[in-house]
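Colleague: Could you walk me through this model, please, starting with how the helices pack?

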Amino acid sequence: MAKQKILIVDDDNNIAELISLYLTKECFDTHIVNDGDLAIPEFEKYKPDLMLLDLMLPGMDGHQICRELRSKYDTPIITVSAKGEVFDKVLSFELGADDYIEKPFEPKELVARIKAVLRRCAPQKKDEPIIEANDNTKHVSYPDLDINLTNYTVIYKGQYLEMPPKEIELLYFLASSPNQVFTRDQLLDNIWGYEYIGDTRTVDVHIKRLREKLPDHESWRVFTVWGVGYKFEVK
């Protein structure tokens, strides 16, 4: 079986070599590019399964590279930045990045993120969801919907959705147990905690906001089971 290929685009060759070493140990094939202007030509020559793309580069920056590649290819892209600002994260996702990781990072986390992105971007049978939950990633994916609790992002139809943390936690909790009905009290306990001082209307308000942002899809929906509670229904 051919090794999956990772293109590493980073102007710091020491970091790039370290990443390459870890990925090689995980049986990936790697190729390093240190200049932004060479990223796209090398991408087209190497034809990677995933690109690891630093945002701060000499020549063309990471955002420009991501924008140009997304206009032609659907190869997974993980953007990397030392700045860690919300603007960079949001812009990366809006330009089509599949994940975002801040420097400095643990090599093991990076490897786990790469494997997770490759898994969820692999061809799926029918409309089966991908659900991951381990020490490194908490992610669930359905057609047109990607929920990542690791970095608190929700992508709907290719667009990054602005959501407060509790809405993302509630959506992830429901979507990671498709077709299971949860009472309002169960949702309060799991999302807000046993010591939360409030009432079940809090859940109703958050569900209403989720529905406004995520209208019923042909494959899934946030559904009310009258007199009981809520579920993430997969059709």
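This is a predicted model: local features need pLDDT of at least 70, side-chain atom pairs count only at pLDDT 80 or more; totals for chains, interfaces and linings use all residues.

Colleague: Okay, at what angle do H1 and H5 pack?

Modeller: Helix H1 (residues 13-25) and helix H5 (residues 107-121) pack at about 60°, and their axes are 10 Å apart. Helices here are DSSP runs of H or I with at least four residues, strands are E runs with at least two, and both are numbered from the N terminus. The axes are lines fitted to C-alpha atoms, for helices over the stretch in contact, and angles run from 0 to 180 degrees between N-to-C directions.

Colleague: What do we call that arrangement of H1 and H5?

Modeller: H1 and H5 are therefore oblique to each other, since angles under 35 degrees count as roughly parallel, over 145 as roughly antiparallel, 65 to 115 as roughly perpendicular and the rest as oblique.

Colleague: And which residues make the contact?

Modeller: On H1 they are Ile19, Tyr22 and Leu23, and on H5 they are Pro107, Leu110, Val111 and Ile114, where contact means heavy atoms within 4.5 Å. By class, the residues of this contact of H1 with H5 are seven nonpolar, no polar and no charged. Ala, Val, Leu, Ile, Met, Phe, Trp, Tyr, Cys and Pro count as nonpolar, Asp, Glu, Lys and Arg as charged, and the others, Gly among them, as polar.

Colleague: How do H7 and H8 cross?

Modeller: Helix H7 (residues 184-192) and helix H8 (residues 201-213) have axes that come within 9 Å and cross at roughly 80°, which makes H7 roughly perpendicular to H8. Arg184, Leu187, Leu188 and Trp192 of H7 meet Thr202, Val203, Asp204 and His206 of H8, and the residues of that contact divide into four nonpolar, two polar and two charged.

Colleague: New topic: how many cavities of 30 Å³ or more are there?

Modeller: The count comes to one, and about 40 Å³ of space lies in the largest cavity. On a 1 Å grid over the protein atoms alone, a cavity is a set of points where a 1.4 Å probe fits but cannot get out, and lining residues have an atom within 4 Å of a point. Grid points are joined across faces, edges and corners, and a volume is the space filled by probe spheres set on the points.

Colleague: What lines the largest cavity?

Modeller: The lining includes Ile8, Asp10, Ile19, Asp54 and Lys103, and by class it has seven nonpolar, no polar and three charged residues. Strand E1 (5-9), H1 and strand E3 (50-54) each supply at least two residues of the lining.

Colleague: Last one: which peptide bond is cis?

Modeller: The bond from Lys103 to Pro104 is cis, with omega near -5°, and Pro104 sits in the loop between strand E5 (99-102) and H5. Elsewhere, Tyr152 has a positive phi, near 50°, in a residue other than glycine, and Tyr152 lies in the loop between strand E8 (145-148) and strand E9 (153-156).

Definitions and conventions. Residues are numbered from 1 along each chain as its sequence is written. Side-chain values use heavy atoms; hydrogens and water are left out. On a 1 Å grid over the protein atoms alone, a cavity is a set of points where a 1.4 Å probe fits but cannot get out, and a pocket is an open set with protein on both sides within 12 Å along at least five of seven lines; lining residues have an atom within 4 Å of a point.
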